[in-house]
Amino acid sequence: MSAIRAAGEQRWRDPTWRATALIGAVLLAALVLGLAGRAGGPRTVALALAAAVPPLIAVVLGPSAVRALRASGGRALILAVPFGFVLLELVRLALLRTHDGLALLAIATLFALFGLVLLGSDLQQRARRAAARAARSPWQQLTTTERVRALPWRAVVGALLVSWAALLTLGIMWPYLVGAGILSVALVLVVSLGVLVLVGLPVLVGAAARDDRERLAQAREDERQRFAAHLHDSVLQTLSLVQRQANDPAAVARLARQQERALRAWMAGRPEELMDTLAGALHHVVEEVEREEGVDVDVTVIGDRALDRAGDALVGAAREALRNAARHACGAAIVVFAELDERQAAVYVRDEGPGFDLAAVAPERRGVRDAIVGRMAGAGGLATIDSVAGEGTEVALRLAPAAGEAR
Amino acid sequence: MSVARPRVALVDDHQLFRAGVRAELAGACEIVGEAGAPPEAIAMIGAARPDVVLLDVHLPDGGGIAVIEALRGVEPTPAFLALSVSDAPEDVVPMVRAGARGYVTKTIDTAALLAAIERVRHGDAYFSPRLAAFVLQAFSAPQPAPADDALEQLTPREREVLHHLARGYPYKQIGLRLGISPRTVETHVGAVLRKLQLSSRHEASHWAAARGLVRPDA
């Protein structure tokens with residue numbers, strides 16, 4: 001019971017089905033009206049048919065017939081059935097004695113229907129080919145040759161059938177229309193247009209909704225592929241590196257750490273640690289030194305700012321400080337802490353290594369310090385190196401607020 | 001009794017991770033229980049009465065916070081040490097606010113983990129450099145309303161201590177640099193933890209949202 005109701009609901013959601021039901025109701029109403037009012041009964045029915053049938057064929061029967069035939073792969077059927085009907089009806093016409101308007105109208109309707117099926121099929125194929133052409137790469141466009149058709153036979157046959165049906169209908173309707181005068185013709189046109197709008201709108205809306213659904217599904221699929229591609233380039237790549245270096249625990253740990261950091265940044269929506277901000281550049285430098293020197297660095301960055309010339313100097317100095325720390329920490333922890341905002345920036349690089357006496361540093365080893373202290377001074381900043389023998393070393397790099405800037 | 005090995009319970013939904021931590025701590029701690037989800041964990045902690053609970057932030061059914069909240073007021077309350085792969089402030093800080101005495105990332109080495117366990121076991125706070133940085137950030141965020149509550153602000157000294165922790169200094173060196181004893185450093189860190197956990201004036205969520213730690217709709 002509920003299955004039947006569910007099936008009914010499903011059908012009702014289909015705009016084509018709704019349109020068919022609507023037109024059916026219109027025709028039924030016309031028939032009842034025609035039979036009830038005896039004077040000019042057949043005329044009312046003919047008018048209703050003339051108003052309702054063209055939209056029915058155009059928006060419901062035509063496309064559904066195309067769909068049904070295409071689904072069955074019945075290309076031969078598309079050709080055979082209309083001609084079969086034409087033959088059949090010609091025979092029937094020959095046998096007909098009385099002038100039966102309704103029967104002829106039905107025949108005309110069938111002709112028109114199959115003509116439209118052919119036209120619709122032709123149009124669909126054209127659209128498909130155009131889409132395929134658009135999707136081709138320039139190289140494919142150059143190299144793919146297309147079969148050129150001498151005559152669009154489907155379109156021609158379809159147009160012929162439709163014209164024939166139109167002539168037949170006109171022939172049958174003419175006496176009624178002539179008798180009815182200009183008002184009735186106008187009425188037929190208006191009612192026909194009205195029905196077309198009533199029927200066409202839901203179908204169009206339904207088609208748009210279907211398009212939307214397809215686009216959404218496509219977007220999901222694209223997203224999945226992007227996801228898969230990213231995982232392939234990052235996690236799977238790292239896993240294969242890990243397998244290859246399984247006998248080097250330090251390398252494995254480093255790889256895992258780098259991958260973890262990258263994956264986390266990606267999950268947080270920071271694509272690949274953007275290099276155009278100071279925080280991104282600092283993370284990048286930390287990773288670089290971890291890779292070069294084979295050390296682990298615990299890095300926390302608070303805030304961020306755009307990467308300008310002074311920021312570049314800060315990053316360069318931080319790189320030198322990190323390399324120094326990595327070389328002298330002897331495996332002890334290295335911590336990087338950065339506080340950034342638009343006005344100022346501070347980066348602290350600390351290692352728990354043995355530390356050293358600044359005054360005792362040999363002059364020829366000053367070069368490294370110049371790369372830190374000199375660089376920061378050049379950028380209008382300050383670098384302080386704080387080391388206590390046996391307690392570790394901290395390099396503090398600061399960019400003060402610009403001189404002209406009000407507090 | 002204080003020289004006895006700490007009684008530790010593990011709450012994490014990854015069995016492999018639990019096994020790893022158990023192996024690492026086996027020599028120095030007594031592992032008295034394990035659980036993979038909050039209901040199990042609550043029952044297990046009630047029965048096993050550990051000194052310290054290593055508590056994962058991300059658990060099914062409410063996360064680590066659910067465990068802390070269910071056991072609030074239950075005596076004796078174990079010391080919770082939050083443990084997570086996450087390094088996002090919105091995961092870390094609410095956990096500490098709910099009652100964890102410290103936070104460490106899962107990449108921590110064994111020696112540091114043992115030091116953290118010892119510290120929280122004795123009622124102190126354990127702030128990793130990263131947690132210190134996050135807390136500093138939370139307290140530095142511009143306040144939406146004038147902060148009439150002294151509890152909502154850090155003293156300059158507390159701020160200095162926290163800043164040094166974020167830079168990776170151990171307590172002893174912070175004491176030396178600031179001219180105070182390591183014990184006083186510990187007191188300051190404890191005070192920061194209390195200020196974090198006090199929620200008499202404001203709901204935790206409001207507090208966190210006002211500081212940009214959680215999204216308002218979360």
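A residue counts as buried if 20 or more other C-beta atoms lie within 10 Å of its own, as exposed if 12 or fewer do, and as partly exposed in between, with C-beta atoms placed from the backbone. By that rule, buried residues make up 26% of the 407 residues in chain A and 43% of the 218 residues in chain B. This is a predicted model, so local features need pLDDT of at least 70 and side-chain atom pairs count only at pLDDT 80 or more, while totals for chains, interfaces and linings use all residues. Residues are numbered from 1 along each chain as its sequence is written, and chains are lettered from A and ligands numbered from 1 in the order in which they are written.

**The two chains at a glance**

- Chain A has 12 helices and five strands; here helices (H or I, at least four residues) and strands (E, at least two) are DSSP runs, numbered from the N terminus.
- Chain B has 10 helices and six strands.
- Let's look at contacts, where two residues are in contact if their C-beta atoms, placed from the backbone, lie within 7 Å. In chain A, 75% of the contacts with a separation of 6 or more are between residues 24 or more positions apart.
- For chain B, 63% of the contacts between residues at least 6 apart in sequence join residues at least 24 apart.

**The sheet of chain B**

- Six strands of chain B form an open sheet in the order 2-1-3-4-5-6, with parallel pairing; two strands pair if DSSP finds at least two bridges between them.
- Strand 2 (30-35) and strand 6 (126-127) of chain B each have a single partner strand, so one side of each is left without a neighbour in the sheet.
- Strand 1 (residues 7-11) of chain B is mostly covered, with four of its five residues buried.
- Five bridges link strand 1 of chain B to strand 2 of chain B in the parallel sense, and Leu10(B) has Glu34(B) in strand 2 as its bridge partner.
- Between strand 1 and strand 2 of chain B, the chain passes through helix 1 (residues 15-25) of chain B, and this β-α-β crossover is right-handed. That means that, with the strands pointing away from the viewer, the path from the first strand over the helix to the second runs clockwise.
- Strand 1 of chain B also pairs with strand 3 (residues 52-56) of chain B, in the parallel sense over four bridges; Val11(B) stands opposite Leu55(B) there.
- Strand 4 (residues 79-84) and strand 5 (residues 102-105) of chain B are parallel too, over four bridges, and Ala82(B) has Tyr103(B) as its bridge partner.

**The sheet of chain A**

- Five strands of chain A form an open sheet in the order 1-2-3-5-4, and the pairing is mixed.
- Strand 1 and strand 4 (381-388) of chain A stand at the edges with a single partner strand each, so one side of each is left without a neighbour in the sheet.
- Strand 1 and strand 2 of chain A run parallel and are joined by six bridges, with Thr300(A) partnered by Phe337(A).
- Helix 6 of chain B packs on this sheet, touching strand 1 and strand 2 of chain A, and its direction makes about 5° with that of strand 1 of chain A. Axes are lines fitted to C-alpha atoms, for helices over the stretch in contact, and angles run from 0 to 180 degrees between N-to-C directions.

**Cores**

- The largest nonpolar core has 100 residues, and those with the most contacts inside it are Leu314(A), Ala318(A), Val347(A), Leu81(B) and Val135(B). Such a core is a set of buried Ala, Val, Leu, Ile, Met, Phe, Trp, Tyr and Cys residues joined through C-beta atoms within 7 Å.
- Helix 11 (residues 309-328) of chain A gives the most to this core, with nine residues.
- Another core lies apart from it and has 13 residues, including Ile57(A) and Phe111(A).

**Where the chains meet**

- The contact takes 11 residues from chain B and 13 residues from chain A.
- Helix 6 (residues 129-140) of chain B supplies four residues, the largest share of the side of chain B that touches chain A.
- In helix 7 (residues 156-166) of chain B, the buried residues are Val161(B), Leu162(B), His164(B), Leu165(B) and Ala166(B).
- These buried residues pack against elements of both chains, including strand 1 (297-302) and strand 2 (334-340) of chain A and helix 6 of chain B.
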